[in-house]
2 protein chains.
Amino acid sequence: MKVTRDKWSKNFSEWFDKVLYEGEFYDYGRYPVKGVGVWMPYGFRLRRNVIYFIRELLDSTGHEEILLPLLIPQELLTRETQHIKGFESEVFWVTKGGSQDLDVKVSLRPTSEVAITYMESLWLNSYKQLPKKYYQIVSVFRYETKATRPMIRLREITTFKEAHTVHETYDDAQRQVEEAISIYSKFFDELGIPYVISERPEWDRFAGALHTFAFDTVMPDGKVIQIGTAHNLGQNFTKALDFKIQRKDGSLCYPNQTSYGISDRVIAVLISINGDDHGPVIFPKVSPLKVVVVPIPSKDTEEVTEKVMAYAKKVGNALSEAGIESVIDLDPEKTPGEKYYIWELKGVPLRAEVGPKELNNNTVLLKRRDTFQSKLVQFSDLISAVNEMLNLISKDLKYSAQKYLEEHVKYERSAQEAKSRISSSGGIVELPWCGDNSCGMKLEEIVDARVLGYPLKEKEVKDPCAVCGKTAKTVLRVAKTY
Amino acid sequence: MKVTRDKWSKNFSEWFDKVLYEGEFYDYGRYPVKGVGVWMPYGFRLRRNVIYFIRELLDSTGHEEILLPLLIPQELLTRETQHIKGFESEVFWVTKGGSQDLDVKVSLRPTSEVAITYMESLWLNSYKQLPKKYYQIVSVFRYETKATRPMIRLREITTFKEAHTVHETYDDAQRQVEEAISIYSKFFDELGIPYVISERPEWDRFAGALHTFAFDTVMPDGKVIQIGTAHNLGQNFTKALDFKIQRKDGSLCYPNQTSYGISDRVIAVLISINGDDHGPVIFPKVSPLKVVVVPIPSKDTEEVTEKVMAYAKKVGNALSEAGIESVIDLDPEKTPGEKYYIWELKGVPLRAEVGPKELNNNTVLLKRRDTFQSKLVQFSDLISAVNEMLNLISKDLKYSAQKYLEEHVKYERSAQEAKSRISSSGGIVELPWCGDNSCGMKLEEIVDARVLGYPLKEKEVKDPCAVCGKTAKTVLRVAKTY
């Protein structure tokens with residue numbers, strides 16, 4: 001079987017829609033509300049694995065999970081003025097209960113900074129309680145007027161993991177942002193998702209933040225997608241909500257906060273970045289199934305076929321007993337080829353084929369989903385061979401995704417070169433930049449792309465600023481984004 | 001320490017509010033939207049344990065978890081006429097996005113029968129795909145105009161586990177309702193929650209159901225609370241949404257459905273049914289912490305105190321290594337008594353006290369939260385002793401909760417006797433009943449209580465119907481309910 005990547009990368013959008021639905025991940029565009037999707041059983045299991053993993057990372061670093069109400073009253077949502085300016089055009093409002101008009105308009109949370117700050121002002125009053133790190137995993141709502149996309153740009157974002165932390169000083173908050181970056185780095189690393197971290201420019205920060213740091217990656221079509229952000233909020237929200245704590249010396253101060261989030265987009269990326277014309281390859285760590293066992297019936301006798309079926313069950317049971325999530329596809333109405341098609345669309349990383357030959361020799365033919373290379377192993381070596389191949393697949397997927405990303409982050413000296421590179425091959429282009437916002441904003445216009453920001457550590461550049469020609473301080477990253 | 005139950009049972013409502021907040025389970029009544037609460041970290045961990053357990057039960061019985069959108073458009077919600085009649089006065093409506101009026105009113109789901117039936121009509125078309133069992137765990141919204149109560153009667157119910165199943169025939173659906181009842185029975189049994197199962201009377205079924213079965217239990221104040229329901233929906237929703245499947249013979253039919261749900265109320269009950277003036281006793285299986293280790297400082301020397309602290313850590317670490325969730329309370333600013341107070345309010349089932357005496361003898365004093373009985377054990381026996389005591393606590397809690405329930409389900413011959421029993425000691429009263437709805441509805445008026453329904457198997461009764469005096473067919477259960 002040839003691995004082709006034609007439809008995958010050349011018509012990524014169509015490929016993605018097909019995989020989401022036919023792979024039974026996510027049903028989009030048919031439910032009668034615009035911009036919302038339905039998590040189907042297989043997709044939900046992938047989502048659950050991702051959620052359990054982020055919980056593990058957050059719980060083990062002292063974060064406490066909570067759950068705040070969905071509804072935020074208008075008065076509360078509008079207290080931080082920068083914040084509401086950033087969100088006011090995209091808030092859904094509930095105005096009626098039964099047939100009655102509500103006395104106050106309440107919003108469906110677009111994010112929860114004001115709600116958590118309100119509760120924190122009731123829960124926390126002393127430096128002794130700090131640092132405090134909360135998080136929740138909830139649906140958030142944005143009345144998107146742009147074109148929506150499944151899992152990527154939605155009116156209901158169903159997997160919004162938002163962390164909110166409180167600290168005595170600005171520096172403590174900044175250190176927390178660094179911890180967040182390190183947790184997210186680990187999260188993406190262990191899911192095989194490569195990324196570039198940028199500080200977002202002043203004109204594109206989270207509404208209400210002093211600093212916004214973002215993780216971006218490149219999709220198969222060359223477009224860039226934001227997959228995680230961390231914000232230093234300073235005292236903006238604590239001042240707006242008059243939330244004070246007592247310092248050690250007895251004086252009162254407004255504490256500093258951070259917030260950081262990831263969303264459904266992580267799952268969109270997991271489904272997208274490893275794949276081919278057959279479908280996606282889901283990274284083994286979070287793939288709902290690691291192995292699908294497919295029996296190959298005998299062409300000659302019913303009796304041998306029955307023995308093959310029994311052998312397939314034995315193989316599947318051995319995998320389950322070893323704690324390897326697997327399924328045995330015994331459907332008598334489907335040919336092996338039809339079964340391959342189905343499980344490839346779900347991105348199951350390994351296939352175990354067992355036919356009359358394997359039955360006779362007490363062997364199993366293991367086939368990798370990513371390369372379609374196969375390996376014949378003895379039944380007695382099954383578990384170790386499967387584990388070894390899953391590790392190898394993980395390593396290779398990670399390597400090729402990283403390589404793809406690196407090939408799509410390029411330096412160009414001029415805005416025109418950047419523009420032509422982006423229009424021909426997408427990705428992220430780094431340009432020399434003097435550090436002035438005005439030059440950054442001009443770049444967005446000239447390149448006709450979005451400024452992602454600049455690296456956390458200034459990068460030495462010899463060329464002059466791509467806009468004004470003055471000495472460059474660092475690089476500015478631009479890209480076409482989702 | 002004396003175990004008193006004065007405030008607990010006599011002023012249950014005040015006790016409950018205090019425990020929820022001071023035990024850091026749930027913050028209620030302070031967030032600026034009526035009828036919604038905030039899950040605090042400790043309560044969230046309890047909730048998470050309960051959710052993981054119900055997931056385990058549902059996954060292992062072939063249920064598939066999905067996630068449907070929160071928003072249901074008016075046109076869809078109103079398709080099943082009985083259903084919308086039951087809910088229309090309590091639906092929240094979203095009418096605005098940003099500053100624009102939406103073209104169609106969308107509701108915050110009060111429950112998801114119509115939404116899932118809509119998706120099922122796209123996903124399922126053949127008897128071969130049946131039975132199909134879906135579930136989701138989501139927030140649902142009810143615009144309650146009655147007085148709201150934390151975790152019990154809310155405008156945002158944050159832990160609504162709703163299962164939805166599809167079957168070819170009515171009988172298959174009825175068998176599924178029986179499976180649901182058996183799963184819920186196991187769920188409540190393993191959480192130590194006793195229950196009575198009734199079929200709800202015709203006039204109090206779930207809106208759109210042919211049959212509704214419910215689990216009820218009695219709270220410490222004698223009031224009855226519904227903690228789970230299962231509905232046979234027949235073809236009501238499949239007909240309303242024109243959802244057909246192909247039978248084996250090629251003909252088309254409207255499939256039959258069931259739905260069954262449990263909510264936040266399970267957690268309210270877990271916190272309520274075992275307790276005393278010190279707070280709740282959380283059933284060990286789902287208690288976020290099983291043991292709190294409290295060091296008792298030496299009255300004489302700092303040096304001994306330091307050794308005690310080290311010994312407490314050793315005890316806590318041994319528990320953690322054995323997989324027993326525990327915490328070591330080393331706070332130097334609090335006395336042991338203050339610590340006891342805090343952890344009792346959280347209902348941690350066991351306390352391990354270690355002071356200079358225990359340090360010298362290499363022992364640990366284990367104290368049961370429910371009886372305050374203590375047992376001195378050797379450090380070498382710690383793990384087995386803790387496990388044994390946790391088992392014993394579970395058994396005793398279950399026994400006493402069951403006993404309490406049985407004492408509060410009583411038979412009375414007449415409506416007047418029922419009324420006086422309910423007003424004096426609450427609980428459920430069973431009355432002889434002829435089977436006529438009109439008599440049932442009259443009973444509600446005379447007893448001034450709600451009819452819960454009748455037992456699944458008809459109960460033989462010698463006395464005549466408490467209303468009309470004709471021969472009774474079974475008993476009808478009445479109670480004051482939450």
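The following dialogue explains how several features of this predicted model are read.

Student: Which conventions apply before one starts?

Tutor: Residues are numbered from 1 along each chain as its sequence is written, and chains are lettered from A, with ligands numbered from 1, in the order in which they are written. Because this is a predicted model, local features need pLDDT of at least 70 and side-chain atom pairs count only at pLDDT 80 or more, while totals for chains, interfaces and linings use all residues; side-chain values use heavy atoms, leaving out hydrogens and water.

Student: How is chain A divided into domains?

Tutor: Domain bounds come from an automatic or database domain assignment. For chain A this gives domain 1 (6–273), domain 2 (291–390) and domain 3 (409–479). The centres of domain 2 and domain 3 of chain A, taken over C-alpha atoms, are separated by 51 Å.

Student: What rotation superposes chain A on chain B?

Tutor: Copies are superposed by least squares on the C-alpha atoms of residues with pLDDT of at least 70 in both. Here a rotation of 180° with 0.0 Å of shift along its axis places chain A on chain B, with an RMSD of 0.0 Å. That is the relation of a two-fold axis. The same surface serves both copies, as 100% of the contact residues of chain A recur in chain B; contact means heavy atoms within 4.5 Å. Of the residues of chain A, Val94(A) comes closest to the rotation axis, at 2.1 Å (C-alpha).

Student: What is the volume of the largest pocket?

Tutor: The largest pocket has a volume of about 1600 Å³. It is lined by 39 residues, and those closest to its centre are Glu64(A), Lys132(A), Glu24(B), Trp343(B) and Lys346(B). H3(B) gives the most to this lining, with six residues; helices (H or I, at least four residues) and strands (E, at least two) are DSSP runs, numbered from the N terminus.

Student: Is helix H9 of chain A buried or exposed?

Tutor: Buried means under 20% relative accessible area, exposed over 50%, and partly exposed in between (1.4 Å probe, protein chains only). Eight of the eight residues of H9(A), residues 265–272, are buried, so this helix is largely enclosed by the rest of the structure.

Student: Where does Arg153(B) lie?

Tutor: Arg153(B) is in the loop between strand S7 (132–141) and strand S8 (156–167) of chain B. Arg153(B) counts as buried because its relative accessibility is 17%. Its side chain reaches the backbone oxygen of Tyr482(B) at 3.4 Å. Leaving aside neighbours within four places in sequence, the residues in contact with Arg153(B) include Tyr28(B), Glu144(B) and Arg265(B).

How values were computed: Polar contact = N/O pair within 3.5 Å; in protein donor to acceptor, adjacent residues only side chain to side chain. 1 Å grid on protein atoms, 1.4 Å probe; cavity = no way out; pocket = protein on both sides within 12 Å on 5 of 7 lines; lining within 4 Å. Points joined across faces, edges and corners; volume = space filled by probe spheres on them.
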